[in-house]
Amino acid sequence: MENMVIKRKSLVDDVVNVFLKDVENGVYTYGDKLPSQKELANRYQVSLIVIREALTKLSAVGIISFHQGKGTYLNKSEKGTFVTPEFSSLIFHNINNLLEIVEARQIVESETSSLAAKRRTNNNLIEIEKTIEGMKKSLNDYEHFAKWDVEFHIAVAKASNNQVLQKITTLLIDSYRSEISKFFQVSGVIEKILMEHETIYFQILNGNSKKASLIMRNHLELPEKVFSAKIDESEK
């Protein structure tokens, strides 16, 4: 089963890279609606599951957008400004690399939290509040809670009003998105994460940039400890 998962992830990355090349070659027009998922699956000769995961990755870095009831669109952009295929393959599979991603998140997101406390708008605050409400409603569903956890971190990054940091944060999170829900299966973790998110939001709301930064860095110690433990287990 594990080999099948790795193979699928490899296919997803392959589709992402070929899609980016097709964009560069003008196969798709910026701002236009993309073919249906079924048509894309036929074009790239992969399953619908692989296409959906590839589109999710492309959406995470802002290349495409999903519009409910309307379809999927290639975002407007100057040619060549999207991430390169090499950069898009930041999707790591080695556990040591996952630890490095978490370390990078600690550095990047401590700064996005600091900037968010200084620059957030009322709309930014509303978006962060929405993610916290989503988490509160998902305390008995760790998969949905994980979705809102991701949205919280992206909303905080967006509140920094630095588009580069926002995209880096999104890409780092997406690099191990499938692993995130596993954290919340441990008893008591969901409640702890929710409390920490509320504390980070409170610091951003009140403009406490240093505290927001420190709490965010400490908050991301949990996944770091989980991955460190897995590395220790693999080395025994």
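**Core.** I looked up the largest nonpolar core of this predicted model. A nonpolar core is a set of buried Ala, Val, Leu, Ile, Met, Phe, Trp, Tyr and Cys residues joined through side-chain atoms within 4.5 Å; buried means under 20% relative accessible area, exposed over 50%, partly exposed in between (1.4 Å probe, protein chains only). This core has 36 residues, and I128, F152, F184 and I204 touch the most other members. Several helices give two or more residues to this core, including helix 5 (95-119) and helix 10 (189-205). Helices are DSSP runs (H or I, at least four residues), numbered from the N terminus. I noted that helix 7 gives the largest share, nine residues.

**I204.** Which residues does I204 contact, leaving aside neighbours within four places in sequence? I found S113, A116, A117, R120, L125, I128, V156 and A212; contact means heavy atoms within 4.5 Å.

**Second core.** I found a second, separate core of 20 residues, with F19, V23, L34 and A54 among them.

**Rings.** I found two aromatic pairs. Rings of Phe, Tyr and Trp (its six-membered ring) pair if their centres lie within 6.5 Å; planes under 30 degrees apart count as stacked, over 60 as edge-to-face and the rest as tilted. The F19 and Y28 pair is stacked, because the ring centres are 4.9 Å apart and the planes are at 25 degrees. Both F19 and Y28 are buried. F145 and F184 pair edge-to-face, at 4.9 Å centre to centre and 70 degrees between the planes. F145 lies in helix 7 and F184 in the loop between helix 9 and helix 10, so this pair ties together parts that are 39 residues apart in sequence.

**Conventions.** Residues are numbered from 1 along each chain as its sequence is written, and side-chain values use heavy atoms, with hydrogens and water left out. Local features need pLDDT of at least 70 and side-chain atom pairs count only at pLDDT 80 or more, while totals for chains, interfaces and linings use all residues.
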